[in-house]
Amino acid sequence: MPNLFPRWTNRLPIKVVTAAVVLGALVSAAVAYFFTPKYTQVGYQPDQPVPFQHDLHVKQLGMDCRYCHSNVEVSAASNIPTAQTCMNCHSQIQKNNPKLAQLRKAWETGEPLPWVKIHYVPDYAYFNHSVHVNRGVSCVSCHGNVDKMEVVYKDQPQSMGWCLDCHRDPAKHVRPTEEVFNLDWKPSGDNPVKAQRELGSQLVKQWKIHPPENCSGCHR
Amino acid sequence: MKRTFQHPAEPKTGKKYWRSVEELADTPKFREWLSREFPAGAAELEMDGLSRRSFVQLMGASLALAGLGFSGCRRPEIHFAALSKSVEWSIPGKALYYTSAMPTRTGAVPLVVTTYDGRPTKIEGNPLHPASNGATTLHAQASILDLYNPDRSKIFLENGKESDRQKFDAYLAGLLPKLAASAGAGLAFLADVNNSPTRERLKQEILKKYPQAKWAVHDPTGSLQAEAVATAFGPGVTLTPQIEKADVIVALDSDFLGLDSESTGYTRQFAARRKPPKEGGSSMNRLYVVENRYTLTGGMADHRLRLKASQIPALTVKLAQAVANLTGNNFAVTLAEIPLPVDQQWIDECAADLVSAKGKSLIFVGPRQPVATQILGFAINSFLGNIGQTITGFTQAVSQQIPLPELVKAIQQKAVSTLFILESNPVYTAPVDLKFDDSMKSVTDVVHLGLRKDETALVSKWHVPGTHYLESWSDALGPDGTYVPVQPMIQPLFGGLSANDVLAAVAGLKIPQGAEVVKETFAKVKETAGSTADWSSFLRNGYLENSAPSPAALTFSGPLAAAVSPPAEGVEVVFPPDYKIQDGSYIDNGWLQELPDPITKLTWDNAALMSRKMADKLGIGRPTHSDEQHLESEMIKITVEGRSLEVPAMVAPGHADDSITLPLGYGHAEGATGKIGRGSGFNAYQLVASAASYFAVATVEKTGKTYQLAITQEHNQMEGRAVVREATLEHFEEKPEFAKTMFMDSHSPPNISLYKNPDYTSPERKSPEQWGMVIDLNSCVGCNACVIACQAENNIPIVGKEQVINNREMHWLRIDRYFASAEDEHNETEPEMVMQPLGCQQCENAPCETVCPVNATVHSDDGLNVMVYNRCIGTRYCANNCPFKVRRFNFFNYNERPLEKMKIGPLPESSGLYFGPLTKKGTEDLIKMQKNPNVTVRIRGVMEKCTYCIQRIEEGRIQSRVKAGASDNLKIPTDSIQSACQQACAAEAITFGDLKDPDSRVAKLQDNPRRYRLLEYLNVQTRTSYLARLRNPNPKMPGAGKVADIYPDEHAEGHDSKDQHQGEGTHH
């Protein structure tokens, strides 16, 4: 009886096992990288050209988000303040502080300050701040408690899946519009999660909130 | 049981619609060419001499080198560059709109310009202006690209060498005292036609200071209209034809819907009168056209007569005679008995129709026809009592100026020593017999100001980089004489000077800063107009209210006995400006270069157009598909008075025999264009003499050479499937629903589908809006403004001539031009022409969606067929399955790689696209500045298509939500969202809106009897629908029976059974 299997098949099992091991390792590596905050860069906290402290300005001095990010309610982009905005106060307060040297230089020369971008929307996707803040989504939902950060870092993954989580179930995040810029606001009740769910569902129904789940909602 | 659908065969009888002479001839080679997705060879790498293997080696090597640094593995640090000082009004991420106007020769186009972060990105019409419906012309849309032309003139040149502003100022400072000392003797100006009051004011200042200075004006398009109007009605008169009031219009070699109207008004008024009476219009107008070649106006004609341009003066006399006989006017002009190949009945019936619409008719004579002929045209109008009725006008102060030949004479008599040439290119455009370039050498100081470093710039002593109209302050008069601002929204990008700046400097004024020079004019105009508007409301509205001059009482006093030039014997050659690049000033505009000519569908070149009979006479065969299956056209040599030019010949259906049309504007000198215009076309100005600037007698011969033309007319054929539908007004009134029952739609079986058709109207759908579009073929004249508007709005790249030949043009919206001829004469002599704008039809049952393996094209809740670029992997299945062929594939990085031909190392010369990574990557910063920030700039390997301007829809939706805030009032205001093509359309042929909103215009049009959808029998359920075209022939005219002789919809009667016809469904 002739050999049914040719000689090269002797090594086939070991090849299959090796391939499976390699593949498994690759899959684990990919999951470990792409499915974790490392990929979405949660916690990304670069050094900024001027060590601006959000906690100092918001918590201690009581400034509103919209003093600096003044166009967040009307524009797609929530603007980074111009040097002029900073100089409104810092031409009088802390005007010789060496930490603000870069800022003063920018103000005098007109050269923009190279703020490092932390949150950014990938290519092909478009995000609009105004529609979110006007319909009851607070800054804190996407940016975390910036009011408590000494140096701003990325708090949420801001991946597409994360966006869709809320677009499919906005009740988790919608709050009364007057509380949008109050990052410490919590719905009243013993169980904040349950209270938010109740209030959120009510507002979603009342305001007819149907966030787009179509591709064209964000991709143009 | 599978149902395979067979497309119906073309009807054997009746009318045939075709797009090119090759299609009409139906050669086997053409069939083969057509059946390929792309022409043969296009799918392969075309680099002769370079094998695929060596190319791959090269690519591999460069890839390996690029990968060494692993630079791609780390996310780069990205910076914000927030401004140092806050800018008034500017909100990052939000558009800011400015009113302005584009100056043209016959009256400015009022505009609203969209800017983002200080960059103008898109141009729209100004809907507030009384003579505008918010639409724009083709050139207004495209002009923004000239602002960002990377090859525009950027530096001062002194004798061709780099110089700067300081040196020029010093030169002027030295020159002016000399001029003042001689009271301006020897000083001359040469400018293009321009009606800016500020320029006029500065000119008067100059003439006051230098009384002996000369001011010459040169119109390179060869228009003699101003002269004719001045002779017939007195100096300073501008005519404003009231097309809306005219029931019968006759256009004698006048392209008043295309070339001869630089504003949108004529098209808007004409289209308003094409609505059938049932749809709320008054009666439908009737248009007679006589012309030597098909023009846009000819395409809209109810009766069209092809006639040599040189015979039109004779025809005008005959028509005048016929009208005068009927109206009892005295008409004494006699014509030597010249055989005119025109049926006398045509003239008589046309005249009778005109007389029946006395006071409500209108005669247009082409502005390039001899002055005497144009005056005859006014005479006919006056016989008909149209003056004061359909022809009104206003009077302006007459400005002292001399024509170009007089200036040249002065130069030759050494009477000019200093010449300022403002925004004109006479070295290229002046008639050859004037020998302008030779004469210019005797002028010691020539200062040229222009946007481009053109032929004149190269030989002038000084070249001053000009400013674009979006960069510098000026003003203008609109087509109705209203005072409009030309407002800049960006600083001059390269620090150039405007014509006003130079004039102010010469006048001894300080070079104006900002708007002050215009403000001064404004104050005067305001005073004259008795207006109380202040400067800011003037800028806000984009025009000065009540500044339109009051209508003048026109009295026709033209000399009627004027000699009429006899018809040219033999072959004539006609020189109109080009539809796209006009007189040649748009030669470096990539959008216009790549735009298919509205009639010939030719891109990147011009060609000698002629009839089939003429071509046969010259021995020119049909263009052949060469080995690469690309069309090779034969070259001919045209000789006019000893000057000759070799150009490719192109057979143009509907062209007059013994006549050749050669558009002007192409074939610029080497070095006088940027990358885009280099080597494009052939210079017809070489044949133009001042005595015969429009038509000339020529001898023509075949040269035996060939030339490759990039023509898009054969791309994306429809193969006669009742795509355009038309009928006569009479037929429509008898049978209003004719379009619904034409051809297949009369007897297709009800569509059966295994799956439920998606019901987008069901209340469960989340989206409260359902988008749709209706395109009225009756209004569309085919001006192509929508195509460029789409290109500007959606960041659509240009691909270059080579790629157009390979069918890779990227236009999301195209205009299909069909010729139609009756069955018994499937010939190319006298077809009718129909235009059809075609973008994605947004099928509800989209065939593209079912074949995409990665779900990159899907349906949204609001009924759009959306394209998700970041999912697309470029299989192109969708494009193959699209019955409308409206999907476009980005084969190369058209946005990032050079399109021009180049040579790298030992590799053969080829388009930069084929060298891939060996070329510089990246878009020029200037080009980037034009891009719409709300639309992705797509990369290579991605499919793209029309999305009904999804960015505008989303913006509208977002604004409604922002406004709603903490409430549930989510309604988007009715008809508040406009697609880019709709906004640009002067004829209002495109209507876009929410089908679910009963008040929207698009919803109301759904019940229009003329409405039909394309390829309904495929059950694709398109969201875009069309309104069938109507023609309004005069039954008494010869050949009236053939006009819009419709499809054999007789099928509708007596053929209810489903099995008799081929092409329905065959069951297997």
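How many bridges join strand β1 of chain A to β3(B)? Keep that in mind through the views below. This is a predicted model, where local features need pLDDT of at least 70, side-chain atom pairs count only at pLDDT 80 or more, and totals for chains, interfaces and linings use all residues. Residues are numbered from 1 along each chain as its sequence is written, while chains are lettered from A and ligands numbered from 1 in the order in which they are written.

**View 1. Strands β1(A) and β3(B) meet across the two chains.** The answer is 4 bridges, joining β1 (residues 113-116) of chain A to β3(B), and the two run antiparallel. (Strands pair if DSSP finds at least two bridges between them; strands are DSSP runs of E, at least two residues, and helices are runs of H or I, at least four, numbered from the N terminus.) Look for Trp115(A), whose bridge partner in β3(B) is Phe80(B).

**View 2. Chain B touches chain A.** Here 37 residues of chain B are in contact with 43 residues of chain A (C-beta atoms, placed from the backbone, within 7 Å). On the chain B side, β3 (79-82) and α28 (950-964) each supply at least two residues, and α28(B) gives the most, with 6.

**View 3. Helices α7(B) and α12(B) cross.** The axes of α7 (residues 225-233) and α12 (residues 371-383), both of chain B, come within 9 Å and cross at roughly 55° (axes are lines fitted to C-alpha atoms over the stretch in contact, with angles from 0 to 180 degrees between N-to-C directions). Among the residues that meet are Ala228(B) in α7(B) and Phe378(B) in α12(B).

Note on methods
Contact = placed C-beta atoms within 7 Å.
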